[in-house]
Amino acid sequence: MAAFHTIPVIDYSLSQGPQKQLFLSQLRHAIINVGFLQLKNSTVPSSLIARVKARAPEFFDLPQSKKDQINIANSPHFMGYSGFATEVTKGKADQREQFDLCISPPCQYREGDPIYKKLWGPAQWPDEADLPGFRDLMTEYYGELLKLSANFMRLLCESLGLPPNAFDPFLGDPSQISHRGKIAKYLAIAPGSSNQGVGAHYDPDFLNILLQVTDQGGLQAQNHKGEWIPVPPLKDTFVINIGRGLEAVTKNVALATSHRALSPPKGTGPRYSMPFSQGLRQEIKLSDYDLDFPREILALRDTRNDGRADPASYYEFETECGGMANLVGRVKSHPEVAVRHYPELFAKYFPDGMPAKGSSPY
């Protein structure tokens, strides 16, 4: 299979009518051969998308003291505000600031429970008086994405020759699982400065849905030749990509793809984006399951060129339950949270103490 040079754009409305088989065919190609797609005409109302785009940047306009009150270091659930260049990817500081939020049941961790149970819990929010209606709007929006992700996963199953409910053991009851969201702000850079908005990486879990809030480019996906392919912003369209968890549980049928975001050029203003990550049951171990794919689907996988320039690693999904795999990933990205709330894991992964800014080994 030749390397992809564009990101497929798929019309979700086709899945609801007589052209469903065309939709499934297009989806199958995107999932097996690209790992990325753009989904238009989804079930999320355009009016809601417009309101979210208009209000998302307002969080970053708050006084720094207000943002710092809900710093991510306060939260054992890794929820809240992260300042500019405080998160690290592959040893380099990401040139962005961000606000992590979630749709989550209350924290159910009790003394003696597995430590990963502490990962799920409520978000921190700015005061209602500072951003009236902001919390309600974001909760409504991410609730719509949760419904879209559940329906999309059933269609994904069908496209791969599986029963529509094949992934239900991993996804469980969505109301009892934590689903993560984020609002990220990428600042325009001066010539000669680092343009790493966020470094090349693979997403964990199963499915990720991204709204590109502003019109600047910057998001790129990497094909197996190592070429970086633009993922341009399209009106009322979501970027969907496969996570390492889904690649692992499908025995490499679904393709997780390395991607990055470059900072916007100086003079173009900040770029904003809003990812959503579909949550998985914490206690489940993906390697315990063996999905039964049709022979023709396995043949498509086996004829794909898998010589990726930056191969995906998902060893933690093979050795740990989903909750622990997710927690370890968070600890590596946010040592400032780990040192306060997970001291034993911090000592394990940062034996030399708190890394210098931009120098994490992960």
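**Close-up views of a predicted model**

**View 1. Helix 1 (residues 20–34) and helix 4 (residues 134–159) have axes that come within 9 Å and cross at roughly 85°.** That makes helix 1 roughly perpendicular to helix 4 (65 to 115 degrees). Axes here are lines fitted to C-alpha atoms over the stretch in contact, with angles running from 0 to 180 degrees between N-to-C directions; helices (H or I, at least four residues) and strands (E, at least two) are DSSP runs, numbered from the N terminus. This is a predicted model, in which local features need pLDDT of at least 70 and side-chain atom pairs count only at pLDDT 80 or more. Residues are numbered from 1 along each chain, and side-chain values use heavy atoms, without hydrogens and water.

**View 2. Tyr12 and Phe23 form an edge-to-face pair.** Their ring centres lie 6.2 Å apart and their planes meet at 90° (pairing needs centres within 6.5 Å; planes over 60 degrees apart are edge-to-face, under 30 stacked). Tyr12 sits in the loop between strand 1 (9–11) and helix 1, and Phe23 in helix 1, so the pair ties together parts eleven residues apart in sequence. Phe23 is buried at 0% relative accessibility (buried means under 20% relative accessible area, with a 1.4 Å probe and protein chains only).

**View 3. Tyr142 and Phe276 make a stacked pair.** Here the ring centres are 6.1 Å apart and the planes are at 25°. Tyr142 belongs to helix 4 and Phe276 to strand 14 (residues 271–277), so the pair links parts 134 residues apart in sequence. Tyr142 is buried at 1% relative accessibility, and Phe276 is buried at 1%.

Definitions and conventions
Parallel < 35°, antiparallel > 145°, perpendicular 65-115°, else oblique. Phe/Tyr/Trp six-rings, centres within 6.5 Å; stacked < 30°, edge-to-face > 60°. Buried < 20%, exposed > 50% of the residue type's maximum accessible area, 1.4 Å probe, protein only.
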